[in-house]
Amino acid sequence: MLVLVAPGQGAQTPGFLTPWLDLPGAADRIKGWSDAIGLDLAHYGTEADAEAIRDTAVAQPLLVAAGLLSATALGASPAVVAGHSVGEITAATLAGVIGDEDALRLVRTRGLAMAEAAAVTETGMAALLGGDPDVSVAHLEKLGLTPANVNGAGQIVAAGTAEQIAALVAAPPEGVRRVVPLKVAGAFHTHHMAPAVERLREAAAELTPADPAVTYLSNADGKAVASGDEVLSRLVGQVANPVRWDLCMETFKELGVTALIEVCPGGTLTGLAKRALPGVKTLALKTPDDLDAARALIAEHAGA
């Protein structure tokens, strides 16, 4: 059984979209999406520096566009889809809940709203590597931080004010090997993002979703969501609530997933899966050179 997953913010790197634009029709699709949302995706995906694509309002549409472009090039028919944070919009589109252009418009609104919310207070996120989850969560709460992403495989991402993140770096929880500040510009999936929720709700209300055509797993609790309306509702609430990727991976196990492919810019979620899902074959789409290996993996596992 094959699952297709889409990464979240922080996975982007300068120039990562460049090789994908050489594929037939890719540049035209990117131009069409760029025109629809008023953002030059080709520029940001090929020429912009790391600081420019760190901007939430830029990074989020760029990630969804890259995910959809690479998934189309792959031509997969997965049994299950899931996305991490903004990757949930990519996953919902791959499941047929909303169309490509609607997805780009929705994520553009999401990125702008979250960037505005992040500008109110200087906030950020940091990954905790290793340690006991219960010990780490208790330590975070003591510092006033939120466990915004519970990623499994020994990784929790904390979110809060810059001062709280600095205090965490200075005094990590017992057993944590390292605290790594992330390339994001806000405390996503916390109460700091509450102002973005209403704007996203208004944007979602303009869409007419279809029910998922394949199994779609939600970040909220790792469970399958069968209603398109419920998918959209969860996408809205998700910006101010924690991501439970650990529960998504638990559901992968329960469903009997045997192979996992991460759409562009792949790497983050396959890394987690290698540690948390032993025996599951993984592949990250970084460039079009990875497509043949991915198709071979699909041929081996998609029909299970």
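This is a predicted model: local features need pLDDT of at least 70, side-chain atom pairs count only at pLDDT 80 or more; totals for chains, interfaces and linings use all residues.

Reader: How many bridges join β3 to β5, and do the two strands run parallel or antiparallel?

Author: Pairing is read from the bridges between two strands, and here 7 bridges join β3 to β5 in an antiparallel arrangement. Within this pair, threonine 123 stands opposite threonine 161 of β5. β3 also pairs with β6, again in the antiparallel sense, over 5 bridges. In that pairing glycine 130 faces valine 176 of β6.

Reader: Is β3 mostly covered or mostly uncovered?

Author: In general, side chains in a regular strand alternate between the two faces of the sheet. As for β3, 8 of its 8 residues are buried, and the strand is thus described as mostly covered.

Reader: What is the strand order in the open sheet of 5 strands?

Author: The order is β7-β2-β1-β8-β9, and the pairing is parallel. β7 (215-216) and β9 (281-284) are the edge strands, each pairing on one side only. Inside the sheet, β1 (residues 2-6) and β8 (residues 259-262) run parallel and are joined by 4 bridges. Leucine 2 stands opposite alanine 259 in β8.

Reader: Which residues have the most contacts inside the largest nonpolar core?

Author: In soluble globular proteins, nonpolar side chains tend to be buried together. The largest nonpolar core of this model comprises 76 residues, and those with the most contacts inside it are Leu41, Leu74, Leu104, Leu106, Tyr216 and Ile261. Helix α4 (residues 56-74) gives the most to this core, namely 10 residues. A second, separate core has 18 residues, including Val243, Met249, Leu269 and Val280.

Reader: What is the volume of the largest pocket, and which elements each supply at least two residues of its lining?

Author: The largest pocket has a volume of about 470 Å³. It is lined by 24 residues, of which Gln9, Gly10, Gln155, Leu182 and Thr268 are the closest to its centre. At least two lining residues come from each of β3 (123-130), β4 (146-152), β5 (155-161), β6 (176-181) and α12 (268-276).

Reader: How do the residues of this lining divide into nonpolar, polar and charged?

Author: The lining of the largest pocket holds 13 nonpolar, 10 polar and 1 charged.

Key: Residues are numbered from 1 along each chain as its sequence is written. Side-chain values use heavy atoms; hydrogens and water are left out. On a 1 Å grid over the protein atoms alone, a cavity is a set of points where a 1.4 Å probe fits but cannot get out, and a pocket is an open set with protein on both sides within 12 Å along at least five of seven lines; lining residues have an atom within 4 Å of a point. Grid points are joined across faces, edges and corners, and a volume is the space filled by probe spheres set on the points. Ala, Val, Leu, Ile, Met, Phe, Trp, Tyr, Cys and Pro count as nonpolar, Asp, Glu, Lys and Arg as charged, and the others, Gly among them, as polar. Two strands pair if DSSP finds at least two bridges between them. A nonpolar core is a set of buried Ala, Val, Leu, Ile, Met, Phe, Trp, Tyr and Cys residues joined through side-chain atoms within 4.5 Å. Buried means under 20% relative accessible area, exposed over 50%, partly exposed in between (1.4 Å probe, protein chains only).
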